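Please look over the structure below before reading on.

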Amino acid sequence: MCGIFAYFGEKTHSPKLVIEGLKKLEYRGYDSWGIAYKKDGDIAIHKEIGKIGDVHNIEELKDESKIAIGHSRWATHGGVTQKNAHPHFSENKEIVLVHNGILENYLELKKNLEKKGHTFRSQTDTEVIAHLIEDYTRTHSFFDSVKMAMAEMEGRYAIVVMKKDEDALIAARRGSPLILGVGKKHGEYFVASDIPAFLKYTNKVIYLDDNQICTLKNGSTHFFDTIKKTDVQKRIIEIDWDIESAEKGEFPHFMIKEITEQKDTLTRAINQDPETIKQVAKKIESAESVFLVGCGTAGKACMVGQYLFSKISNKQVSFAFGSEFENYKNFINKKSLIIAVSQSGETADTLEAMEIAKGNGAKIVSIVNVENSSMARMSDFVIPVKAGQEKAVASTKATTSQIAILMLLAYACDGEINIGKQLLVNAASQINDMLNPRYEEHISKIAEKIKHVESMYIIGRGENYPIALESAIKLQEVSYIHAEGFAGGELKHGPLALISKDTPVIALVANDEQKKNIISNTIEVKARGGFIIGVSPENQEVFDYWIRVPDVGEASPIVNIIPVQLLAYKLAVLRHVDPDKPRNLAKSVTVK
Ligand code: M6R
């Protein structure tokens, strides 16, 4: 979703630097981009529709400036046009800003400003913020104007603001990520919506918290909390991400790099501080109600968790997608426990669910990949996923690690954390053997056979039912093939009507108590002409094509999703879709 990058310091090539920073944020997804910088006492703006492309072709790269802001836009309010791209000017072009998130009350604010004589050049909510700030600057300082505008702004957002006649940058956030990079040279700062954008320059960061404003001026920083109405002292955190892990290396795409990394990531996920796991397990045990919350793929990991808690620890745990959680708020109180699952730790719907739960007094646990993310910072307990940066829009390595952690917790609730660990260690070593070039080649052949199909289906039972749903997401988002997942037992209640000659159906057949039933469901599909791709430790007569997965007992959801991730990737490549940046999607969904 939208990306922000800004530079403030002594480097004179800030326009170039900002464009390069925006390029590093490309994985978040965007449809237009733009920069603004100080030039000859004025503000210069350059905006374009589409991708940044080859940076060397951009004229503005050569302009000299020490302050610049940039933005990659994923359209929400107003179509994909140059006018709607950020940065946005205020009425008199005194103020220019970039913005992530949604200004929920923009129509109301716009009407008031129009009454005062303001005219708007774009259809965006963002432009309203620029006008609002400028309106205040007529009677107040730059800093106070941003503060007063924030008091009127509703919704989740992050902004970086520049003023024509001030050598300063102001950054502020409420609910949308914004991080400050502290440069190596004194007085040099970067502001970005994600760390990889400035990792090349610094690994020292300051996380801006909700409702905080940061002013960069005269080579120093000033932080202010708009709720407590006090200055705040912020801590500089040194992060240990390396640049290499933020790059593709020898792989053609991040998605295949990240699928392959599952050889190691599971081992890292299992390697948790046993005390944290035991403490969280205790909380789960003593809570009156436990809710798993997540969105998209993280939501599917939660659904697997529900089955695992029920099967392994005899514990009833509820699940809601972040966007649906509000409907259950009447059941959330001081004795409830919320377990939020997320790769980015910044998903707006999940964050909002956490806020609702917190408001009702519940305790919060988060299982997040991005340490120090908003979710991590608002949780009572954090279990790090440790999968390393995940850049492809399609989540892969974070998912299997999230499921592993939920399994560890389920075993810990049963007082058998070591059994869970052993099971997962075995699964990790089997995945290491499974992911080899021959295996990939085998999956490529299936992809070649089905690359022109219009629809395909995935079936599973028990904890492999959510994996059928997750398989569908993977196939949809990167291959653009219509894919749907079903519980095997549900087929005869409707979906069977969709099967005709050669409809591909992936059957997830684990070696568990559901095996006989899911094989029966597969036979029902075959009888209607379906082309069966079996994902299973053993070949079955009913399979037209067999993808072998190791027999890892209860960890089957973890190994079963991996060949489908590979199949989705291979299909994307064969169908000439960029698997890392699927159309209409963004890596971090920071708007509701
Ligand atoms: O960062 P999160 O895990 O909270 O993201 C949640 C979903 O947006 C995410 O899983 C999405 O569904 C992925 N694109 C799926 O691959």
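Predicted model: local features only at pLDDT ≥ 70, side-chain atom pairs only at ≥ 80, totals over all residues.

Residues are numbered from 1 along each chain as its sequence is written, and side-chain values use heavy atoms, with hydrogens and water left out. Helices (H or I, at least four residues) and strands (E, at least two) are DSSP runs, numbered from the N terminus.

**Helices α3 and α4**

- Helix α3 spans residues 126–137 and helix α4 residues 142–152; their axes come within 8 Å and cross at roughly 130 degrees. Axes are lines fitted to C-alpha atoms, for helices over the stretch in contact, and angles run from 0 to 180 degrees between N-to-C directions.
- That angle makes α3 oblique to α4. Angles under 35 degrees count as roughly parallel, over 145 as roughly antiparallel, 65 to 115 as roughly perpendicular and the rest as oblique.
- On the α3 side, Leu132, Ile133, Tyr136 and Thr137 meet Phe142, Ser145, Val146, Met148, Ala149 and Glu152 of α4. Contact means heavy atoms within 4.5 Å.
- The residues of this contact divide into 7 nonpolar, 2 polar and 1 charged. Ala, Val, Leu, Ile, Met, Phe, Trp, Tyr, Cys and Pro count as nonpolar, Asp, Glu, Lys and Arg as charged, and the others, Gly among them, as polar.

**Glu134**

- Glu134 lies in helix α3 and counts as buried because its relative accessibility is 1%. Buried means under 20% relative accessible area, exposed over 50%, partly exposed in between (1.4 Å probe, protein chains only).
- Leaving aside neighbours within four places in sequence, Glu134 is in contact with Ser90, Glu91, Asn92, Lys93, Glu94 and Ile95.

**The open sheet**

- An open sheet is formed by 8 strands in the order β3-β2-β4-β1-β10-β9-β11-β15, with antiparallel pairing. Two strands pair if DSSP finds at least two bridges between them.
- Its edge strands, β3 (42–49) and β15 (237–238), each pair on one side only.
- Strand β11 (residues 204–207) pairs with β15 in the antiparallel sense over 2 bridges, and Val205 stands opposite Ile237 in β15.

**Strand β16 and its partners**

- In strand β16 (residues 289–294), 5 of the 6 residues are buried, so the strand is largely enclosed by the rest of the structure.
- β16 pairs in the parallel sense with strand β18 (residues 336–342) over 5 bridges; Val293 stands opposite Ala340 in β18.
- β16 also pairs in the parallel sense with strand β17 (residues 318–321), over 4 bridges; Leu292 stands opposite Phe319 in β17.
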